[in-house]
Amino acid sequence: MSIHTLDLIFPGFVFAYGALITLVLSAPRLMALAEERLPREMKKQLEAHRWLALFCLIIGAIWSLQNLWLRGETFLG
């Protein structure tokens, strides 16, 4: 895997992490499920990652758009 390929794929992982954690923390139904099934320490850790997830969501989106705008390339080409 080259640096160029990694530069196209990695922002997607950053964005996906941010989107997933932000979605879970923002959905009352998912948080109720987390309170039911997760140990208290793990739930605290999940809530502590709120700002990291928001940061990853924003940076991942900007980074992905930058790759598309500046290089004009996608995963397919």
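**Helix α1 and its surroundings**

In this predicted model, helix α1 runs over residues 3-26, 24 residues in all. From its first C-alpha to its last, α1 reaches 34 Å, close to the 34 Å expected at 1.5 Å a residue.

Part of this helix is tucked away from the surface. Its buried residues are Asp-7, Leu-8, Pro-11, Val-14, Gly-18, Ile-21 and Leu-25. As for what does the covering, α2 (28-37), α3 (40-48) and α4 (50-71) are all included among the elements that lie over those buried residues of α1.

Gly-18 makes a handy place to look at this in detail. Gly-18 sits in helix α1, and its relative accessible area is 0%, so with the limit for buried set at under 20%, Gly-18 counts as buried. Leaving aside residues up to four places away in sequence, Gly-18 touches Ala-53, Cys-56 and Leu-57. There is also Gly-60 to consider: Gly-18 and Gly-60 are 42 residues apart along the chain, and their C-alpha atoms are separated by 7.8 Å.

The surface has its own feature to point out. Trp-51, Leu-52, Leu-54, Phe-55, Ile-58, Ile-59 and Ile-62 form a nonpolar patch there, and together they have about 720 Å² of accessible area. One of these residues, Ile-58, is found in helix α4. Ile-58 has a relative accessibility of 44%, which falls between the 20% and 50% cut-offs, so Ile-58 counts as partly exposed.

Note on methods:
Residues numbered from 1 in each chain as written. Predicted model: local features only at pLDDT ≥ 70, side-chain atom pairs only at ≥ 80, totals over all residues. Heavy atoms only, no water. Helix = DSSP H or I, 4+ residues; strand = E, 2+ residues; numbered from the N terminus. Expected span 1.5 Å × (residues − 1). Buried < 20%, exposed > 50% of the residue type's maximum accessible area, 1.4 Å probe, protein only. Contact = heavy atoms within 4.5 Å. Patch = residues over 30% accessible without salt bridge, like charges linked within 9 Å, V, L, I, M, F, W, Y side chains within 5 Å. Areas by Shrake-Rupley, 256 points an atom, 1.4 Å probe, with all protein chains shown as cover. Salt bridge = Lys/Arg side-chain N within 4 Å of Asp/Glu carboxyl O.
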